[in-house]
Amino acid sequence: MTTLLGEVVYERAYYHCPHCHTGEFPTDAEFGLEHKQSAGAREVLALAGALTSFDEAAHDVVNRMTGLVVSASTLQRTAEAVGTDIAERRQAGETIGPEAEWDWHADATGQTVAYVSADATGLLQQGPHAEKAEGRMPWVGGVFNPQPTTAPSRDRRVWDRRYVAGLMPQEELARELRAECRAVGIGRADVVVALTDGGAGLEETLLTTLAGLVQTIVFILDFFHVCEHLQEFANLFVSEGPQRTAQVAHWKQLLKSAGGAALYRELQRLPLGECPAAVRESHRKLLNYVRTNLHRMDYPQYIARGWQIGSGMIESACKTVVAQRMKGRGMRWRERGSTALCQLRAVYRSEPAVWKRYWSPSP
């Protein structure tokens with residue numbers, strides 16, 4: 001039998017078992033071929049599928065890059081198969097990235113600091129007969145080694161990063177992220193900052209991720225998430241626009257200079273006796289939110305040490321890992337394809353060593 005690999009044609013023997021009615025091509029295994037594709041061809045197809053729509057990737061990108069002619073369905077099957085393999089290997093406890101301890105950056109006190117974070121993002125779904133289905137929320141988790149905020153702005157970028165992503169329980173997210181944290185030597189950092197918004201279960205998820213791996217964990221509530229809650233309350237409490245803006249600015253400055261406890265005390269003292277019921281209810285919810293999160297709102301200390309106080313790293317990851325590829329106009333995803341593409345994108349958007357190791361594993 002003859003197979004075409006790009007411009008290379010080779011002949012190989014086919015062996016058929018008359019009893020079990022199956023066949024095999026031993027030479028394919030020797031050459032590392034799957035479904036008549038070389039490892040190099042699979043990587044190109046998977047990469048193209050991770051970057052743009054399957055139709056554009058098949059009919060334009062791949063042909064321009066390699067001269068290969070493939071259908072959109074073939075490219076989709078290949079990309080999703082690779083993503084599924086990544087997902088299954090992670091579920092089995094493997095780490096996709098190499099075992100490589102990062103050189104953690106130091107904060108203003110000289111202590112090295114690592115960051116972990118997690119968040120969810122919406123994704124439109126498709127039913128079994130191509131009908132619209134209820135949307136789902138894939139998780140994105142990451143471990144980061146950003147430049148400290150005391151570094152020059154041109155250097156203040158995240159160099160080392162690893163992601164996991166997909167439709168999964170938070171317990172599975174924690175387990176997969178834990179494997180990558182261990183692989184990069186997170187235990188060598190003096191402090192690990194667990195930074196998230198106020199989403200339900202996120203603090204517990206990151207605690208599960210880090211339990212037993214590190215000595216010191218500091219949980220930080222995303223500063224801008226707090227500001228959103230303050231703005232929502234101010235929209236009801238202060239009627240005049242300029243006064244509302246000034247009030248929110250004052251609360252933000254109080255948070256940075258004195259922390260969550262000071263903000264909580266000031267919010268408690270607000271005169272609400274003559275306010276409508278909607279304002280009082282909003283105030284009650286705001287107080288409960290601040291009180292629940294006081295243990296991770298010591299912003300003066302965080303700022304003094306040069307730590308990140310905003311969850312921009314993981315919010316950016318939600319965009320680069322999921323949204324940029326999977327939230328195009330008219331796009332809807334099956335559950336299986338959602339996780340496959342999320343995991344494929346997570347490997348692609350992680351530090352380059354992760355993608356390289358997946359395609360060129362150590363012997």
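**The pairing of α5 and α6**

Tutor: The axes of helix α5 (residues 170-183) and helix α6 (residues 202-210) come within 8 Å and cross at roughly 40°. Helices here are DSSP runs of H or I with at least four residues, numbered from the N terminus; axes are lines fitted to C-alpha atoms over the stretch in contact, with angles from 0 to 180 degrees between N-to-C directions. The model is predicted, so local features need pLDDT of at least 70 and side-chain atom pairs count only at pLDDT 80 or more, whereas totals for chains, interfaces and linings use all residues. Residues are numbered from 1 along each chain as its sequence is written, and side-chain values use heavy atoms, without hydrogens or water.

The crossing of α5 past α6 is right-handed, the near helix being turned clockwise from the far one by less than a right angle. On the α5 side, the contact (heavy atoms within 4.5 Å) is made by Gln 170, Leu 173, Ala 174, Leu 177, Arg 178 and Cys 181. From α6 come Leu 202, Thr 205, Leu 206, Thr 208, Thr 209 and Leu 210. By class, this contact of α5 with α6 has seven nonpolar, four polar and one charged residues.

As for confidence, the protein averages a pLDDT of 89 (the predictor's confidence in each residue, from 0 to 100), and 87% of the residues score at least 70. Over residues 30-34 the pLDDT is below 50, and this stretch has eleven contacts in the model beyond near neighbours in sequence.

Definitions and conventions:
Helices (H or I, at least four residues) and strands (E, at least two) are DSSP runs, numbered from the N terminus. Ala, Val, Leu, Ile, Met, Phe, Trp, Tyr, Cys and Pro count as nonpolar, Asp, Glu, Lys and Arg as charged, and the others, Gly among them, as polar.
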